[in-house]
Amino acid sequence: MSFPNRPPGGAEDFRRGNEMFLRYERTRRPADLDRAVDAYLRAVGSDSTRTAWWRNLAVALLRRFTSTGSVDACDQAIAALGSAMDTTGADPLVSADLWQMLGLAWNARFEETADLSSLDESIKAYRNSLNPGAPDPTTLQYLSSAVWHRFERTGQPSALEAAVTMYHEAIAAFPEGHPEFGALLENAGIALRTRFEHTSRPEDLTEAISLARRSAAVTAPDDPRLFARLVNLAGALMYRFELLPEMALLNEAIASFQSAAESLPDGHTERAGVLSNLAGALLTRAWRLDDAGDLDLAIDLFREATSLPEGGCHLVNLASALTMRYKRTREHRDLNEAIAVGRRAVADDGSGPQLDVLASALLLRAAPDGASDALDEATDLLRRCLARTPEGSPLRAHSLLSLGRALEKRSPVSAEARDSYRQAASIPRAPVHLRIEAALSRSRIGGAVQDWTEAAAGAELAVELLPHVARQDLTRIDQEYGLGRWGGIAAHAAACALQLGDGRRALRLLEQGRGILLSRVLGDEDTESAEATPLDGTVVLINTTHLRSDALILTPEGVSSVALPDFTDIATHLARFVGAVEAGGGRHGLRERQRAQQVIHAELAWLWDTVTGPVLDHLGLTGRPEDGGKWPRIWWARASLLADLPLHAAGHHDERDAPHPRTVMDRVVSSYTPTVRMLRRLRAASTGPVTDPRLLVVAVPEAAGAPTLPGVLQEAASLAELTSVDLIVGGRATHAAVEAALETRAFVHFACHGVSDPDEPSSSRLLLHDRPLTVLDLSKLNLTGAKLAYLSACETSRVALELADEAIHITTAFQLAGYPQVIGTLWRIEDTLAREVAESVYRALHAAGFDPSRTAFALHTEVRALRDRYVRTPSLWAAHIHAGA
């Protein structure tokens, strides 16, 4: 490019140019910049070999470009830099500086003109500026940003990969104290988050969050860029939470949004947006934890956001929050306001989300019988919303689900409603909880019209989706929460299959939908081969739903089922039973305890009449074996409300001496298993010789926060008289010592407090001297030589009803750790009897050469003996159970 002619000058013109340029930097008067450019042009006109003269001319021309937007000025600057490089000779530092300036100039031209070739020239110049041995961090940052812009412009995956690579190199070379280090980290995190969106590699999102955290951490509190970096961090955390609903992520996002909001002054144009984002995160936590405080605060923040000049776009969020509070409190003023705010949102912006939220509120106002203007309007809004939402969009799922509800209000057997549910459930990228809800709704309508093929298909899809609510990269607590919301799905699916007369399909669905967390620990998610499990007895899976109740029976001959039509009103019977067990303890008066035992007797008889009796009669097990004959075995697999009921003790025990006693324990030996898969794994592990029958006894008479157990030491001493033992007692029973000892012994006996935690079942625990041994601790062990764990502690087999399908309790945790045989308890046990049962079991095992396969038989014999002695007090003898092979 040629420059305008100027009379030739020299060093004086160069000095004059510098003087005018410095004045321009102070005054920003265009005339001063023009004089500087003229002076520099005269200088290079007199001597074109001076690198610094060309460089300063380029700088002045770039200033003219940035102040006027003149592309000609930018082109002249680029030409001046080219001339400067012709004069540099072999000086690598000067050359690198000029290449970097040229890169900046070409990049500025790209930003002004959107000319991709200018961006390519910028990238080329930055690369030429780099010293391969010691690259300049700032140039690496510029190069990274330029390559990133190329990806933004072209969408080419190779450009994205190159940008991420350059950002990594820049971070490695950048000094952490550099003022631009935070910006580099922020931009690198955005690039990685974008790559995650394209590739779904979880490590990219993890690193993006880490970089966002570092970016915010290195930013000074008074730096105006802190706000954007906190919002970026919170946004990345919320994105990950949507994919991986882990509470720690949500809590950190809320804290980051709060810090961002606090960093802004009142009146800031970004305030409405950050308040709305904070409110949205609080709303999510309120929904997850059912927290009224978070919900109220979210609504207050949405109100503040919508009151600001730029807050109109957040009206839809306020309407959604008010609708949510109405569902919780049934305060009609919230619903009325939600509808009013929703109408304003639709008037401002009638796009899909606004229509959907208003329709959801109107559906709540609609009459149950489908005869209302609100229902008509909601239906119309949802149809309009769906018409504006692309096919396959995850946003369609909620609208389709709502449309199905609206149509179902008009007609409980609506074919269009069923089709809406089917479509919602089949959108792959939709939130999994919406897909499950839609699949179950499809099943419900199928059942209503007696189309059991359709009902079973919907329920089966819901079962298939269950593992996705408890993804393996979630924490255990969050996995349990996800599954706890959907208890009973497998039972419903199995009931639908049984309506079709398909017992094998019912068995597969129960195996698929129960014990999901257990199967992951076992590494066995094969639900197809349950029938092939080697047995020398019978597995009975009890399935109960509002639709029907059945016993699925697995024998070596195959699968059959027994309908249990009288097995109803289970919740009432369970509450009665649990209350009686509590009242039967020693803390109550004699008459109350006697009444409680009578109630327990009555409930055990009910269990026989409605469940276990029909099953045993179907199997032809009508009496006790002949003297010396082999006792038949049954493994009970129960879930839902049955999980805490002692099927092994069911019966009319006053008839125990009859030729055909109506009692389970006088006909069969009972064990429990959560799933057939678990039994298959335990039976495989039970084989092999016992090389060392010594018994590890862990006795903890005193633990922090728990009452003293005076009988524990006597129990340990009694066992030491029966067999060879290794004792870990009292203060020596630390968590580390016990875990280490478990690795070395095939047989272990715990005499200590057991605590069942219904809110966090994986935190259920045995109390040791220093810290508890939890279900989660045990599930991480892999004790290959383990044979028998005897848990002489309270409530080791109690389950949380919300997670009954998962059977998460201390007993199953020992099975996961590797013990094929476990003895546990369903409720608190009396010290003296606990010691007596343990002594009898070990005495029988000792007589059998410590053959662990005799464990169930040994316990069965002792429990029957206790029953005969204390027949009127079933709480004393019905608590002990055998679980496993």
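This is a predicted model: local features need pLDDT of at least 70, side-chain atom pairs count only at pLDDT 80 or more; totals for chains, interfaces and linings use all residues.
Is Val 668 buried or exposed? Val 668 is buried, and its relative accessible area is 0%. Which residues does Val 668 touch, once neighbours within four places in sequence are left aside? They are Leu 616, Leu 621, Trp 631, Pro 632, Ile 634 and His 860.

Now zoom out to the whole chain. You'll find 35 helices and 14 strands in the chain. Its C-alpha trace spans about 130 × 70 × 50 Å along the principal axes. The radius of gyration of the chain is 37 Å, whereas a compact globule of 885 residues would come out near 29 Å. Of those 885 residues, 56% count as buried. Contacts tell you about the fold as well: take those between residues at least 6 apart in sequence, and 67% of them join residues at least 24 apart.

Next, some helix pairs. Two packed helices are described by how far apart their axes are and by the angle between those axes. Here are two pairs from this chain:

| Helix pair | Residues | Angle between axes | Distance between axes |
|---|---|---|---|
| H1 and H2 | 11–27 and 30–46 | about 160° | 8 Å |
| H24 and H25 | 489–499 and 503–513 | about 175° | 8 Å |

Take H1 and H2, which pack at an angle of about 160°. That angle makes H1 roughly antiparallel to H2. Their crossing is left-handed. On the H1 side, the contact includes Phe 14, Met 20, Phe 21 and Tyr 24, while Leu 33, Ala 36, Ala 39 and Tyr 40 are among the residues that H2 brings. Arginines take part from both helices, including Arg 16 and Arg 23 of H1 and Arg 35 and Arg 42 of H2. How many residues of each class does this contact have? There are 10 nonpolar, three polar and six charged residues.

As for H24 and H25, their angle is about 175°, so this pair is roughly antiparallel. H24 contributes Ala 490, Ala 491, Ala 493, Ala 494, Ala 497 and Leu 498. Facing them from H25 are Gly 503, Arg 505, Ala 506, Leu 509, Leu 510 and Gly 513. By class, that contact has nine nonpolar residues, two polar and one charged.

His 735 belongs to helix H31 (residues 735–742). His 735 is buried, with a relative accessible area of 4%. Not counting residues up to four places away in sequence, His 735 touches Leu 768, Asp 770, Arg 771, Pro 772, Leu 773 and Asp 777.

Finally, check out two loop residues with a positive phi. Ser 200, in the loop between helix H9 (181–199) and helix H10 (202–217), has a phi near 65°, a positive value in a residue other than glycine. Gln 450 also has a phi near 65°, again positive in a residue other than glycine. You'll find Gln 450 in the loop between helix H21 (432–448) and helix H22 (452–465). Is Gln 450 buried or exposed? Gln 450 is exposed, with a relative accessible area of 54%.

Notes: Residues are numbered from 1 along each chain as its sequence is written. Side-chain values use heavy atoms; hydrogens and water are left out. Axes are lines fitted to C-alpha atoms, for helices over the stretch in contact, and angles run from 0 to 180 degrees between N-to-C directions. Helices (H or I, at least four residues) and strands (E, at least two) are DSSP runs, numbered from the N terminus. Angles under 35 degrees count as roughly parallel, over 145 as roughly antiparallel, 65 to 115 as roughly perpendicular and the rest as oblique. A crossing is left-handed if the near helix is turned anticlockwise from the far one by less than a right angle, and right-handed if clockwise. Contact means heavy atoms within 4.5 Å. Ala, Val, Leu, Ile, Met, Phe, Trp, Tyr, Cys and Pro count as nonpolar, Asp, Glu, Lys and Arg as charged, and the others, Gly among them, as polar. The radius of gyration is taken over C-alpha atoms; the globule rule is 2.2 Å times the number of residues to the power 0.38. Buried means under 20% relative accessible area, exposed over 50%, partly exposed in between (1.4 Å probe, protein chains only).
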